[in-house]
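Some notes on the model follow, as numbered points.

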Amino acid sequence: MTERKTLRTKTYVLLALMVVFGSSGDVLLSRGMKMLGGLDAWSFHGVLHFFINAFTNGSVWLGIAMLLLFFISYLLVLSWADFSYVSPASAVGYVLVAVMG
């Protein structure tokens, strides 16, 4: 009985972390890319300059790290919970992205 309760608690905690990591990652990545602006020219140097700026932006890296943590927690929670349970629960993240955005 306590093992089942522990598993349920771990699932709830990991689902909450998954929602927070996914939403934060989306918002941070969006903020970082908006800071960069658009691509000036479709030349080799223009694209290279854009990618250099993107990969030196802290918000972009933090967003990537958050999305990586989201993916790890998503894989972990899917290892012990059904997809039909995880998918609707993770949809709360879409609401959180809209509120944070």
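1. Seven residues make up the largest nonpolar core: Leu 14, Leu 15, Met 18, Tyr 74, Val 77, Ala 81 and Val 86. Such a core is a set of buried Ala, Val, Leu, Ile, Met, Phe, Trp, Tyr and Cys residues joined through side-chain atoms within 4.5 Å; buried means under 20% relative accessible area, exposed over 50%, and partly exposed in between (1.4 Å probe, protein chains only). At least two residues of this core come from each of α1 and α3, and α1 gives the largest share, three residues. Helices are DSSP runs (H or I, at least four residues), numbered from the N terminus.

2. This is a predicted model, in which local features need pLDDT of at least 70, side-chain atom pairs count only at pLDDT 80 or more, and totals for chains, interfaces and linings use all residues. Residues are numbered from 1 along each chain as its sequence is written, and side-chain values use heavy atoms, with hydrogens and water left out.

3. Leaving aside residues up to four places away in sequence, Met 18 touches Phe 70, Ser 73, Tyr 74, Val 77, Val 86 and Ser 90 (contact: heavy atoms within 4.5 Å).

4. Helix α2 contains Phe 55, which counts as partly exposed because its relative accessibility is 46%. Phe 51, Phe 55, Trp 61 and Ile 64 form a nonpolar patch on the surface. Elements giving two or more residues to the patch are α2 (44-55) and α3 (58-80).

5. Arg 31 belongs to helix α1 (residues 2-36) and, at 48% relative accessibility, is partly exposed.

Definitions and conventions:
Patches are made of residues with over 30% relative accessible area and no salt bridge: like charges are joined within 9 Å, nonpolar side chains (Val, Leu, Ile, Met, Phe, Trp, Tyr) within 5 Å. Accessible areas come from the Shrake-Rupley method with a 1.4 Å probe; for residues, only the protein chains shown count as cover. A salt bridge is a side-chain nitrogen of Lys or Arg within 4 Å of a carboxyl oxygen of Asp or Glu.
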